[in-house]
Amino acid sequence: MIDWSYMMPLVFAALMGVSILVYVILDGFDLGIGILFAAARPDEKDTMIAAIGPFWDANETWLVLAVGLLLVAFPIAHGIILTALYLPVFALLVGLILRGVAFDFRAKVPTHRKRRWDFLFCVGSLTAALSQGYMLGVYVLGLNQGWAAVAFALLVAVCLAAAYAAMGAAWLIYKTEDGLQAKAVVWLRQALVFTAAGMAAVSLATPFASPRIFDKWFTWPEVALLAPLPIAAAALFGWLFFLTFRLPDRGDRHALKPFLYLALVFTLGFAGLAYSFYPYVVPEQITIWQAAAATESLAVILVGTAFVLPVIAGYTLYAYRVFGGKATDLRYD
Amino acid sequence: MDPLLLSRIQFAANISFHILFPTITIALGWVLLYFKLRYARSGDYAWMRLYFTWVKVFALTFALGVVSGITMSFQFGTNWPGFMESVGNIAGPLLAYEVLTAFFLEAVFLGIMLFGFRKVSSRVHTLATLLVAAGTTLSAVWILSLNSWMHTPAGFEMRDGVAYPTDWLAIVFNPSFPYRLTHMLLASGLTVAFLVAGLSALRYLAGDRSEAMWKALRTGTALGALLIPVQIVVGDLHGLNTLEHQPAKVAAMEANWQTRSHVPLVLFAWPDEEARENRFELSIPNGASIILRHSPSGVVPGLDDFEGEHPPVAPVFFAFRVMVGIGLLMLLVSWAGVYYLFRRQRLPRPLALVMVPMALSGWVAVLAGWYTTEIGRQPWLVQDVLATADAVGPVAGGSVAFTLAGYLTLYVVLTLVYLGVLVHLSLKAAREGDRSPDPAVSERPLDQPVASG
């Protein structure tokens, strides 16, 4: 006999975790390309947009799903976290609005106004990335907003923006050719340094922010089980860094690898965070069971999710296949 | 500063800005499908040119709808945590199903609909258009089910101040849902009908006499002329449903201060909430009794039955009149348009000059209608279950004032740019006329030529 009132919050925490991870990976490369606009030439920008054009909308939907799951499965936590992060959430939303509309406006306004929207596309992407990193930093320190926490959150903000830029560069290596591809390799290498620094900072800060997490990390045998996470992440970083010196390779070999390995690094980092904060959804305050909505309501959602999520995965893969290969000009007609 | 009032203004601003765009995309998806099917059947390039012009409008509108919609999903938590804490067990699944069944469907196939014309076969492209249209409509179904539940809650029980579902069919198909959904879908159709007709009239005035312009002009005008009588009937039924479930709202809509028979239909007045009477009243005797009770002696509930717990009268009263007034104007303009376009085969210049500003008539009517029903529910957030004042979060007034100013600035700028781009796209299409390149000629994607020029 399964105890559903115990299982259901676990299932939804897992679903929410997967949605956040998928969002960070997929919209990560969209936002990253927006950030890299700062370093690109006007003619390169059209290709960069073409590399994400058919996908960004669906990628952003994973954020709606993640926030939606927090809202419907853990309504109390949704309220506490979002009221505590009121202003960063505002910055995030303004960033996402600017990024989303600039994407469309840049191609539809009279030509002489295009550069203005290119600029706003970059600003919007950067704002969204920075505010997500800031929120992660504040969350890791238990929603503490003293000056030290703010300083730490700002550091995480910069590093997450760099991590997204790395994702964007990795996606460009896969989707583009020639000059832009070579440029993307250099961007990737530079962004990787900051990404690694950011992950190290979060990894170090997490256990020291909470004695509970410290104990969870540094007691035997947990420490042996946990050790592979940082070791694998460090190895992947190193391997990726050296790979950038070989790219672009003959016959475009390894073009997709940087993106896949980065996605793997993100997954490892995310697993570490999930392990540390479990079973809390509001750090050190509210567990997933305390915050969960009624089991009956969650059951209604779960039944639908079980059918719909595989279908979503299926048609998402189909869309990526339709627009697979190197990016070509986006045309409506 | 009062965080409750500021939060209400902020949410009203967000949702008003948001609803402008889904109102267009819901029906425009189906109109695009109609263009595509007409092209597929006739092979007439003019239909496909129309598709390409309007799919750009769709893309832009969709993007604005998505970004403003994300804002809403966060604001439940940032400003109204009491809403989900109290009725989250009902609202949660409805919102979750909207994301799962509708958002992903439309967002994923949007890419193929917009940019896939040369990547997939024409059939798959048509299917993508159909799925996007179905997705936007499905999204409306879920969200209107939730909104209707907030007006006419059903199928639940309260335990310790928290709502628990008891009957999901009763929740989804709550008493006002069928009326509200039909009313809103028709409103979406009318908004698009007048937008298409209005921007085509703009092309006409700019000297465009292309086949695509005429087709769009006729499609928009005919659609408007067909839908508006249906909308008037459905709106009336919706009003009778509201009378049954939310009499205080109807009393405010009619500015009827006393429960009595022989209630006049107030055409214009200045409702004075202090004195609890109307000033400068102009009315038709027995009108409201006849409309609402189908008899001059019918007793219509008045605001005196709900003293202290009815919505503010003036905004509901005026918003309702704006909506009805625009509805009547739509009837006049669209029928005149059908007469000239289909019987006389021409468009008189004065009519074209009227149709251009009417392009936005749907927006104004939709906002007025939503203000009527949403302000009309106050002081409740969920009728008789949760008061608006009990749902607001603990955020400081200063923070809300700051974000409100930010959102308002952004929304005003974006709305202006959006309208500017619509005009720009129309005038560009007018300049190109029938000279724009020919689209695809075959079912197979590789045969769809990338035209030059």
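Is Arg159(B) buried, partly exposed or exposed, judged by its relative accessibility? At 37% relative accessibility, Arg159(B) counts as partly exposed, where buried means under 20% relative accessible area, exposed means over 50%, and partly exposed lies in between (1.4 Å probe, protein chains only). The model is a predicted one, in which local features need pLDDT of at least 70 and side-chain atom pairs count only at pLDDT 80 or more, whereas totals for chains, interfaces and linings use all residues. Residues are numbered from 1 along each chain as its sequence is written, chains are lettered from A and ligands numbered from 1 in the order in which they are written, and side-chain values use heavy atoms, with hydrogens and water left out.

**Salt bridges**

Side chains of opposite charge can pair when their charged atoms come close. With a salt bridge defined as a side-chain nitrogen of Lys or Arg within 4 Å of a carboxyl oxygen of Asp or Glu, the count over all chains comes to 18.

| Pair | N to O distance |
|---|---|
| Arg99(A) and Glu60(A) | 2.6 Å |
| Arg159(B) and Glu157(B) | 2.5 Å |
| Glu307(B) and Arg276(B) | 3.7 Å |

In the salt bridge of Arg99(A) with Glu60(A), Arg99(A) belongs to helix α5 (residues 86-108) of chain A and Glu60(A) to helix α3 (residues 56-73) of chain A, so the pair ties together parts that are 39 residues apart in sequence; helices (H or I, at least four residues) and strands (E, at least two) are DSSP runs, numbered from the N terminus. Both Arg99(A) and Glu60(A) are buried.

Glu157(B), the partner of Arg159(B), is partly exposed at 34% relative accessibility. In the salt bridge between Glu307(B) and Arg276(B), Glu307(B) lies in the loop between α9 (287-293) and α10 of chain B and Arg276(B) in the loop between β3 and β4 of chain B, so this pair joins parts that are 31 residues apart in sequence. Glu307(B) counts as exposed at 52% relative accessibility, while Arg276(B) is partly exposed with a relative accessible area of 22%. In chain A, a network of salt bridges links Arg41(A), Asp43(A), Glu44(A) and Lys183(A).

**Helix packing**

Helix α5(A) packs against helix α6 (residues 114-140) of chain A at an angle of about 150°, with their axes 7 Å apart, the axes being lines fitted to C-alpha atoms, for helices over the stretch in contact, and the angles running from 0 to 180 degrees between N-to-C directions. That angle makes α5(A) roughly antiparallel to α6(A), given that angles under 35 degrees count as roughly parallel, over 145 as roughly antiparallel, 65 to 115 as roughly perpendicular and the rest as oblique.

In chain B, helix α10 (residues 313-343) and helix α11 (residues 349-358) pack at about 135°, with their axes 11 Å apart, and α10(B) and α11(B) are therefore oblique to each other.

**Nonpolar surface**

Leu267(B), Phe268(B), Trp270(B), Phe280(B), Leu282(B) and Ile284(B) make a nonpolar surface patch of about 660 Å². Patches are made of residues with over 30% relative accessible area and no salt bridge, like charges being joined within 9 Å and nonpolar side chains (Val, Leu, Ile, Met, Phe, Trp, Tyr) within 5 Å, and accessible areas come from the Shrake-Rupley method with a 1.4 Å probe, for which, in the case of residues, only the protein chains shown count as cover. The elements giving two or more residues to the nonpolar patch are β3 (265-272) and β4 (277-284) of chain B. Phe280(B) sits in strand β4 of chain B and counts as exposed, at 65% relative accessibility.
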